[in-house]
Amino acid sequence: MSPEITKHNGKVHSSPLRSMPPPTSFTPVTPHLAISPTVSVVVPAMNEAENLPHVFATIPQWVDEIVLVDGNSVDDTVAVAKRLRPNVKVVTQTGKGKGDALSAGFAACTSDIIVMIDADGSTDGREIINFVGALVTGADFVKGSRYAAGGGSDDLTLNRRLGNKVLTGIVNVMYRTQYTDLCYGYNAFWARHLDVLDLDCDGFEVETLMNVRAAKAGLKVHEVPSHERNRIHGESNLHVVRDGFRVLKTILKEWRRQPTPSQPEPAATPAADRGVA
């Protein structure tokens, strides 16, 4: 073990670091990289049977758990998911809306890290390593950005682009953030922060709610570039004007709400022990 060097009142102090976990506790990610935390991926889906083969094919095999939240599909969404990944965990949604689906999915996760992606093929599971990498190197909450260098979108219409820009600007002013992309559904976070996020919304405003509450709680938020692709099959349930007003209402409502204190990192698993190898 190498000592940890710190300064206190001008004096140098050293204390031994905790030993690294044994090699068997790390999950291989690439031939040169392994991670210690476990990872769950939550996929809310309603009538996405045609898209799931593509979506699941992009999710890395080293992911520990896939939680599919089925919004009472009338097609073969659940059967296709079980055929593609026999160990998939299926949660049947009892309410309605994306926010409700994610809340149910998060509650079912058993891993250290939770990643949320879409079931329509617009988010690329191969980017998960970028989100996880940011978390194990110090971030509390990682949000994908289509506007960060290296990101982009094949699906943003002019109205969606303008609306997102205005809403992002409002949040940055009100909450003193520096977000580049507010309304995007590709995010990841440490499961211990679920209480801080405290999802209590039903619709597409859920992404905004998570971003705002993460900032209010003082979490270390990091953006990573992400490329949004077009939906492969089917039609989106997003309505720009209606959902835009719901997002704005959420932003203003959160301004009056007291933040929930963030949970400290468990002392038994400091960052130096929990990251990459």
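In this predicted model, K98, G99, L102 and F106 of helix α3 meet V206, E207 and M210 of helix α7, where contact means heavy atoms within 4.5 Å. Helices (H or I, at least four residues) and strands (E, at least two) are DSSP runs, numbered from the N terminus. The axes of α3 and α7 (residues 206–216) come within 9 Å of each other and cross at roughly 60°. Axes here are lines fitted to C-alpha atoms, for helices over the stretch in contact, with angles running from 0 to 180 degrees between N-to-C directions. By class, the contact of α3 with α7 has 4 nonpolar, 1 polar and 2 charged residues; Ala, Val, Leu, Ile, Met, Phe, Trp, Tyr, Cys and Pro count as nonpolar, Asp, Glu, Lys and Arg as charged, and the others, Gly among them, as polar.

Residues are numbered from 1 along each chain as its sequence is written, and side-chain values use heavy atoms, leaving out hydrogens and water. As the model is a prediction, local features need pLDDT of at least 70 and side-chain atom pairs count only at pLDDT 80 or more, while totals for chains, interfaces and linings use all residues.

Turning to the sheet, 7 strands form an open arrangement in the order β7-β6-β5-β8-β11-β9-β12, with mixed pairing; two strands pair if DSSP finds at least two bridges between them. At the edges are β7 (89–92) and β12, each of which pairs on one side only. From one strand to the next, the twist averages 20°. Helix α3 lies across β5, β6, β7, β8 and β11, and runs at about 145° to β6. Helix α2 (residues 77–84) lies across β5 (39–45), β6 (65–70) and β7, at about 170° to β6.

Within this sheet, strand β9 (residues 141–145) is mostly covered, with 5 of its 5 residues buried, that is, under 20% relative accessible area, against over 50% for exposed and in between for partly exposed (1.4 Å probe, protein chains only). In a regular strand the side chains alternate between the two faces of the sheet. Both faces of β9 are covered, with F141, K143 and S145 buried on one side and V142 and G144 on the other. Antiparallel to β9 runs β11 (residues 187–190), joined to β9 by 3 bridges, and V142 has A188 as its bridge partner there. Parallel to β9 runs β12 (residues 221–225), with 5 bridges between them. Here F141 is partnered with V221, and K143 stands opposite E223.

Two residues elsewhere complete the picture. V115, in strand β8, counts as buried because its relative accessibility is 0%. Beyond its neighbours within four places in sequence, V115 touches residues including V41, I128, Y186 and A188. Its C-alpha atom is 6.7 Å from that of F189, 74 residues away along the chain.

S111 sits in the loop between α3 (98–108) and β8 (113–116) and counts as buried because its relative accessibility is 8%. The S111 side chain makes a 2.7 Å polar contact with that of S40, a pair of N or O atoms within 3.5 Å of which, within protein, one must be able to donate a hydrogen and the other to accept it, with residues adjacent in sequence counting only if both atoms are side-chain atoms. The side chain of S111 also reaches the backbone oxygen of V39 at 3.5 Å.
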